[in-house]
Number of protein chains: 2
Amino acid sequence: RDEKITLSHGSGGKSSHNLIEGVFAPAFSNPLLDAMDDSATFNIVGTNPRLAFTTDTYVVSPLFFPGGDIGRLAVHGTINDLVTSGAQPLYLSAGFILEEGFPIADLRKIVGSMAESAKEAGVFVVTGDTKVVQRGKADGVFINTAGVGLAHPTWQPGQNRLQAGDKVLLSGPIGDHGIAIMLAREALEIETEVQSDTAPLHTLVAALFAAVGDSIHCLKDPTRGGVATTLNEMALSSDVAIALDEHAIPVHSEVRGACEILGLDPLTIANEGKMLVIVSGEKADEALAAMRKHPLGRETAIIGSVQSSPEGMVFLRTDIGGMRVLDMLVGDPLPRIC
Amino acid sequence: RDEKITLSHGSGGKSSHNLIEGVFAPAFSNPLLDAMDDSATFNIVGTNPRLAFTTDTYVVSPLFFPGGDIGRLAVHGTINDLVTSGAQPLYLSAGFILEEGFPIADLRKIVGSMAESAKEAGVFVVTGDTKVVQRGKADGVFINTAGVGLAHPTWQPGQNRLQAGDKVLLSGPIGDHGIAIMLAREALEIETEVQSDTAPLHTLVAALFAAVGDSIHCLKDPTRGGVATTLNEMALSSDVAIALDEHAIPVHSEVRGACEILGLDPLTIANEGKMLVIVSGEKADEALAAMRKHPLGRETAIIGSVQSSPEGMVFLRTDIGGMRVLDMLVGDPLPRIC
Ligand SMILES: Nc1ncnc2c1ncn2[C@@H]1O[C@H](COP(=O)(O)OP(=O)(O)OP(=O)(O)O)[C@@H](O)[C@H]1O
Ligand SMILES: Nc1ncnc2c1ncn2[C@@H]1O[C@H](COP(=O)(O)OP(=O)(O)OP(=O)(O)O)[C@@H](O)[C@H]1O
Ligand SMILES: [Mg+2]
Ligand SMILES: [Mg+2]
Ligand SMILES: [Mg+2]
Ligand SMILES: [Mg+2]
Ligand SMILES: [Mg+2]
Ligand SMILES: [Mg+2]
């Protein structure tokens, strides 16, 4: 067999999942990695304090887009993977790959917005690295950020903790990031002002923990692969079903319109400032109220619930009263979205 | 001004230094980054334990070379930046950028050697990320590793701690990595079997700490920019002079020969398994003995000493009895060495 990497291996959807499960996970296998959470959490020595550690590389194209740039994304994305694991983000690393010929003025802008977003979120870039490759061997700038945070003292992340009766909360409208990038990329005949939703979610999640704490069963930022992929992963690893109400899922009308024209499903599109929260049924309203009070959660909605069967599946009750299976993202309609 | 990134910005030498000092350091400035050590070291909460955190991105070409591959390098390099800061390496992250069309069999080999080198060194890859870019937008595979370690409880890294009378120890022959890459890259008419020296130095440095502990004034792995650049940075930040004895500097004869043919100076060539140790004069022999007992330090040599002036300069007493100023690397004779 003469298999090659394809763009779908980077989609965050089914092929990404298969590549990680088939190549990386078995080779590196250890209990911390095997959990396959957004961050690894561990005690350095003895029992305290627990730390969280995560990484993401950013290859978004274009580098600058409505609502942000690769620098903001590289700070927010890694903060959010710490937050998703219940941690307080503290320190970031920054590894740059620069293409020969890249304008230093653009680099200054990107570094400036990284610095600004780090400051806004109260995290520090404490270590870095800078490599250069020949013209044509990269695409302007790629950035890796790794993040270290102080993990929650008791709460553990885990996609396998969903229970029948849990509610699914989504912190706001989906698809803005992916569509903003798509529209910035192609000179499409669509006149809209869709902006990336890129944002750091540490204070939103802190408010949620303050309100309902241990009733949170799972947190997950629906980035590559979107809400559909993220929920499928949860359903699979918890052996439950998830039923969503299409009418309850917030989507900006411009995004819905663009998706129709482009033949995309907002549920598989990447977000960079949204959180999916799985919370026990009896605490759902309290969680909703707490999130809605936060500026980044004003449009939070309860979009569905967890059922015991059919195990590993996600369903959508459509607006027109039907029911359809919602799969993970297959293929990659929007390569290099982050 | 219309400045662009050039390959020398990635050399690890003077231009890299200027780019970091001119663009990254001022934007991100904070006490941990400002130290400009190989790792940032900090206490997470309260006073204990101290952690070390570092990152490097690997863009070496070719991906496979005599003595190693990008995967081994990505594990060893980050381990060594933790070790250089006096830390015990614990956990790594792994961020991959894959080019569309890259053979999955090659990826498996690289991931396999990362896993193997991590295992050999007792560290764990606990979190990762995988991105794919279109054909022609990367060069096969780029890998970022960040590392978290347990910092030494008392010893602090610092290039500013050199004192007149200190001795400079080098753990073995220099230039092997750079020349191995160079020869693998070009189909040169040079018949040699130079192998990369890539190796994890945690046990060598542990043996050194056990022998002379606080008498170690500075540790540094002479990677990009080589021994010449590394010692210049120390001399500058400690306001001292360093005098080296050319005859004392170990260089394999094949490397010396290749350097002569290629017009390169072994002192500016990258190493991936060597350590420079600055130790107080009276403990130099004990340090030498301890390092020579270790398999990775058998050829350790005392290559020079620290003087009070002229401040910020490095000199070489040449084999023919002359004296020349040894500058940082200028330009980039060997792009993408790591
Ligand atoms: N190359 C890799 N090696 C080891 N583990 C990996 C690798 N790539 C991904 N993983 C692991 O797979 C899981 C999913 O990774 P993924 O990057 O999809 O998550 P994410 O960062 O939350 O999403 P996104 O990258 O879209 O923001 C994580 O647990 C991650 O640590
Ligand atoms: N893009 C960046 N942003 C912030 N700090 C950076 C950046 N690039 C490098 N640095 C900092 O500059 C210093 C020197 O970095 P450099 O990469 O040269 O060190 P190194 O990793 O020891 O060498 P090498 O990369 O050759 O192995 C380190 O303190 C590093 O944290
Ligand atoms: Mg992520
Ligand atoms: Mg995530
Ligand atoms: Mg580096
Ligand atoms: Mg390094
Ligand atoms: Mg170093
Ligand atoms: Mg990721």
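**Labels and their cut-offs**

Reader: What does A:Gln163 touch?

Author: A:Gln163 touches A:His217 and A:Val306, leaving aside residues up to four places away in sequence. Contact means heavy atoms within 4.5 Å. This is a predicted model, in which local features need pLDDT of at least 70, side-chain atom pairs count only at pLDDT 80 or more, and totals for chains, interfaces and linings use all residues. Residues are numbered from 1 along each chain as written, chains are lettered from A and ligands numbered from 1 in the order written, and side-chain values use heavy atoms, without hydrogens and water.

Reader: Why is A:Gln163 called partly exposed?

Author: Its relative accessible area is 46%. Buried means under 20%, exposed over 50%, and partly exposed in between (1.4 Å probe, protein chains only). A:Gln163 is therefore partly exposed, at 46%.

Reader: Where does A:Gln163 lie?

Author: A:Gln163 sits in the loop between β7 (141–150) and β8 (167–170) of chain A. Helices (H or I, at least four residues) and strands (E, at least two) are DSSP runs, numbered from the N terminus.

Reader: What makes three aspartates the protein donors of the magnesium ion (ligand 4)?

Author: Donors are N, O and S atoms within 2.8 Å of the metal (3.2 Å for Na, K and Ca); water is not among the atoms, so sites may look incomplete. A:Asp38 (OD), A:Asp81 (OD) and A:Asp221 (OD) lie 2.1 to 2.2 Å from the ion. Their spacing in sequence is D-x42-D-x139-D. A:Asp81 also bridges ligand 4 and the magnesium ion (ligand 3), which lie 3.7 Å apart.

Reader: Why do A:Asp38 and A:Asp81 count as buried?

Author: A:Asp38 has 13% relative accessibility, so it counts as buried. A:Asp81 is buried too, at 7%.

Reader: What makes the pair A:Asp129 and B:Arg224 a salt bridge?

Author: A salt bridge is a side-chain nitrogen of Lys or Arg within 4 Å of a carboxyl oxygen of Asp or Glu. In this pair the closest N and O atoms are 3.2 Å apart. The count between chain B and chain A is 4 salt bridges.

Reader: How much area do chain B and chain A bury between them?

Author: They bury about 6700 Å², 72% of it on carbon and sulfur atoms. Buried area is the accessible area (1.4 Å probe) that two parts lose on being put together, summed over both. The contact takes 75 residues from chain B and 74 residues from chain A.

Reader: How do you know that B:Glu116 and B:Arg72 tie together parts apart in sequence?

Author: Their side chains meet in a salt bridge (3.2 Å, N to O). B:Glu116 lies in helix α4 and B:Arg72 in helix α3 (residues 70–84) of chain B, so the pair ties together parts 44 residues apart in sequence. B:Glu116 is partly exposed, with a relative accessible area of 45%. B:Arg72 is buried, at 16%.

Reader: What about B:Asp245 and B:Arg317?

Author: Their side chains form a salt bridge at 2.6 Å, N to O. B:Asp245 lies in strand β10 (residues 241–245) and B:Arg317 in strand β13 (residues 314–317) of chain B, so this pair joins parts 72 residues apart in sequence.

Reader: Why is B:Asp245 partly exposed rather than buried?

Author: Its relative accessibility is 21%, so B:Asp245 counts as partly exposed. B:Arg317 is partly exposed as well, at 31%.
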